[in-house]
Amino acid sequence: MLKVPAHQVAGHQAIDGRLGPLVDDSGRFYKPLQSDERGANEVAFYTSFSSNKKIPDHIRRFFPVFHGTQLVQASDGSGMCPHLVLQDLVSSHINPSIMDIKIGPRTWPPRASEDYIAKCLKKDRESTSTELGFRISGFQIYRSKESGYWKPDKGYIRSFSAEDVRVILRKFVSSNASADSDSDPDCAFASTVYGGSNGILAQLLELKAWFEDQTIFHFYTCSVLMIFEKELALKGRSSGAEVKLVDFAHVVEGRGVIDHNFLGGLCSFIKFVSEILTGPVESPKSCLQDSERN
């Protein structure tokens, strides 16, 4: 039985008769293949990535497991449509806090149409992508059984400034997270979620080390997902903090060149997370110098 994902925080959603992803009860995520070249590109990426022996096992864990493609009933009632079948990244979580961060100051791939470039450039400039090299695309923060989730809409998130991003990254790991702009985030879970040998920061640094060397792919419009369980952290157990990469419709061949666009954005994001744990660091703009060379 396919159903609408309960914990999707960004992207097209299968609500109100619209086409969007579905999930089943066996831990699989069904993403509709886009009818233009983006659908074919994403299938090609997953097929190539899955079979490429140059990808280290410790890097594969950051990507959803690929189970091929399948015809399933589309969420918009249009009939049987091809879907990517992927690992449902939150199926093992009960009440996950999730954040989707789109990485890279440039979000359009080479050879994109002028109209598409203009559309992306407008979004990049109106958000923090151009300034910081990344932007928050969506999030949900679990508060309590009584209060449920804080899950703001796209309009609220789209207007974020650099300072708003800093605050939200602090609220993400706070016990008192709310939409109240006057509340001071306590960062109660920062050390257990962002910090530690298995925390978010350590995982991001592991990814960064790979991106400093890999020249196989260039990841345009790709997102980093951060996931953790607040209730586990409250009980003094591992928060289950995870980093995952998603959205590969605009991945292109690296052709022996380092992906400075993604690396620069990832570096900037790492500095923002590090700042919460260790205090202010150098301006993230310096981290984007690599991306400007691309």
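**Disulfides, burial and a charged patch**

Me: How many disulfides does the structure hold, and what makes a pair of cysteines count as one?
Reply: The structure holds 0 disulfides; the term requires a pair of cysteine sulfur atoms within 2.5 Å. C120 is in no disulfide, because the nearest cysteine sulfur, that of C222, lies 14 Å away. This is a predicted model, in which local features need pLDDT of at least 70 and side-chain atom pairs count only at pLDDT 80 or more, while totals for chains, interfaces and linings use all residues. Residues are numbered from 1 along each chain as its sequence is written, and side-chain values use heavy atoms, with hydrogens and water left out.

Me: Why is C120 called buried?
Reply: Buried means under 20% relative accessible area, exposed means over 50%, and partly exposed lies in between (1.4 Å probe, protein chains only). C120 has 7% relative accessibility, and therefore counts as buried.

Me: Is F272 buried or exposed, and how do you know?
Reply: F272 has a relative accessible area of 3%, so the residue is buried. F272 is found in helix α10, residues 260-278; helices are DSSP runs (H or I) of at least four residues, numbered from the N terminus.

Me: Why is K154 called partly exposed?
Reply: The relative accessible area of K154 is 46%, and therefore K154 is partly exposed. K154 sits in helix α5.

Me: Which residues form the positive surface patch, and what makes a patch?
Reply: K119, K123, K154 and R158 form the patch. Helices α3 (114-126) and α5 (154-158) each supply at least two of its residues.

Methods
Patches are made of residues with over 30% relative accessible area and no salt bridge: like charges are joined within 9 Å, nonpolar side chains (Val, Leu, Ile, Met, Phe, Trp, Tyr) within 5 Å. Accessible areas come from the Shrake-Rupley method with a 1.4 Å probe; for residues, only the protein chains shown count as cover. A salt bridge is a side-chain nitrogen of Lys or Arg within 4 Å of a carboxyl oxygen of Asp or Glu. Lys and Arg count as positive and Asp and Glu as negative; His and the chain ends are not counted. The place of a charge is taken as NZ of Lys, CZ of Arg, CG of Asp or CD of Glu.
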